[in-house]
Amino acid sequence: MKTLIITVGNRQVGWRCKDGIVRNFGADGDPACKGNAPPHLSELYAEFGIKRSFHDPEAKHRHNVRYLSEIVYRHCQAKNDFSPVVLLLDEQILAEHYATPKETADVILWGTDQPESVGWQFYAMDTCWLAQLMKGAIQQRYPHLNVTVWNCPVDVNERQALWDFTEKQLEQYIERLPENAAGNWQLQIQTKGSVPQMADALNMIAAVLMRQYPVCKIIPTEPKPFFDPSNQSARSAESFEVVSLGEIFWPLERQRITTAWKRGDFTAAKALLEAHRDRYEALYHLADRLALATNWGIEEFLKGIQGQRWLDQKSTKKAVTDKAQRQQWCKATVTRCPNNETATSKFLKIWEFELLIDLSLQQANYTLAFMQFAQMLERLLFWRCEQEDWRTQGHLGEEFLQEGNYRAPTLGVLWQAWAKAEQRSDGDDLVKKLKTVNEYRNGVVHRNRAITRQKLTALADVSEEASLSEIHQGLLKVLSSLVNLEHMPEQGVARSLYEWGLEQLK
């Protein structure tokens, strides 16, 4: 379902007169107007056989648009014919976007109906009856459309009152959307031709709504000159531009999304990308998947990437045109999540957590980085424990040889079992490091102690001046040594997709 909101201005509506000239309700012969607007308003009064008079003889303010447009509306209503009404800025938009009943569509015409207290010179320019004229013309040409007129009853110069009214109107409208349409609703707005205050209010509220729904601005291209030089007839816009509000705000939003992405806050990145799904659908869904990984749901993350869940989606194929790259990711997810779990798949899933350590380091959250490192270390030790059956070999201690004792060993038990399995002495550097890791972790958990950068550099065997990347690599080398790896494992799926996402944001 889609909705088009048009803020109604005087120059948007024309009337095809008996002499064939289209006269515009916004042209009052004011020489100060750009292009020296012709006296169409006075000529329209004459067209309907009405002498244009004054609202206030002393002020010499002549009857204006509000008065005339009601007369014209009553005339059309009596004849049940709105065909002479010309939609100067909006006809092409309706013809191309709303002419065929392919989907449910609403058109909302937003006119002004200000209180008389604003002063007659402003009140007389209100567009409430022009909006009704437009409604009649649209319904006559496109009977399948649901056309509604909203009239703004507040002084348009009262900015806060105008914004509050605009927000309330849209909130109530959205609440009334059918349940089956609310999740697939898009808003289009056309604000050219109306008073700037109305346009600004709708643009501001629409910018907020784009967080939840696709919002586009439709901008008609005004003909130049607006009036035909030969007969002064008002000319209609023949083209228009559709611009996503997300696209307008993208230069500002991109920096915020990139910052959230870099720090691993994929939930925030997803929320910000909501407004840009029309162009970054694949990235939006990837943020949702990576949020699972940062919540330590690695298996859920990997399965969420496979097939139609992400890799084979149309938006992903459009964003990742390299088929070999998609196949590589697919193969990597299958290796890590096979139908039957293997020692290799378990190990590779554990190694996916290295990204989390790096993200915490980049935020200078050294305690969290250490806890993630310690957790990954414990998982790798337990992985070796299962593969090499340390329990029955007695490496875990006699307690674990007792019948019925199937409880999982702690980190303290595991690092000592590793030392036994590796036949390393208490004075071995790596053994002492494992003991330190265990003590640090207990300090964090039991005594609320923080881990400093200096402690991390010592564990990583790098200098205190080392970069965060060097600290990260040093910690990974410690983990590699626990499982006797000569070379670092291949880049994980989480790491690869994280970096791909950053590239999309450049």
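**Exercise 1.** Which kind of contact do the side chains of Glu 299 and Lys 303 meet in? Keep in mind that you're looking at a predicted model.

*Solution.* 
- Start with the atoms: from N to O, the gap between Glu 299 and Lys 303 is 3.3 Å.
- The cut-off for a salt bridge is 4 Å between a side-chain nitrogen of Lys or Arg and a carboxyl oxygen of Asp or Glu, so the side chains of Glu 299 and Lys 303 meet in a salt bridge.
- Now place the pair: both sit in helix H12, which covers residues 298-305. They are 4 residues apart, or about one turn of the helix.
- Finally, check the cover. Glu 299 has 33% relative accessibility, so it counts as partly exposed. Lys 303, at 34%, is partly exposed too.
- There's also a network to look at elsewhere: salt bridges with shared partners link Arg 384, Glu 388, Glu 422, Arg 424 and Asp 428.

**Exercise 2.** Find the residue that forms a salt bridge with Arg 52, then work out which parts the pair ties together.

*Solution.* 
- The partner is Asp 28, and the closest N and O atoms are 2.7 Å apart.
- Is Arg 52 buried or exposed? Its relative accessible area is 10%, and buried means under 20%, so Arg 52 is buried.
- Asp 28 comes out as partly exposed, at 33% relative accessibility.

**Exercise 3.** Describe the salt bridge between Arg 279 and Asp 278, and say how many salt bridges the structure holds.

*Solution.* 
- The side chains of Arg 279 and Asp 278 meet at 3.5 Å, N to O.
- Arg 279 has a relative accessible area of 30%, which makes it partly exposed. Asp 278 is partly exposed as well, with 47%.
- As for the count, the structure holds 33 salt bridges.

**Exercise 4.** Which residues gather in a patch of negative charge on the surface?

*Solution.* 
- The patch brings together Asp 164, Glu 167, Glu 171 and Glu 175.
- Pick out Glu 175: you'll find it in helix H6, residues 159-175.
- Exposed means over 50% relative accessible area, and Glu 175 has 65%, so Glu 175 counts as exposed.

Technical notes
Residues numbered from 1 in each chain as written. Predicted model: local features only at pLDDT ≥ 70, side-chain atom pairs only at ≥ 80, totals over all residues. Heavy atoms only, no water. Patch = residues over 30% accessible without salt bridge, like charges linked within 9 Å, V, L, I, M, F, W, Y side chains within 5 Å. Areas by Shrake-Rupley, 256 points an atom, 1.4 Å probe, with all protein chains shown as cover. Lys, Arg positive; Asp, Glu negative; His and termini not counted. Charge placed at Lys NZ, Arg CZ, Asp CG, Glu CD. Helix = DSSP H or I, 4+ residues; strand = E, 2+ residues; numbered from the N terminus. Buried < 20%, exposed > 50% of the residue type's maximum accessible area, 1.4 Å probe, protein only.
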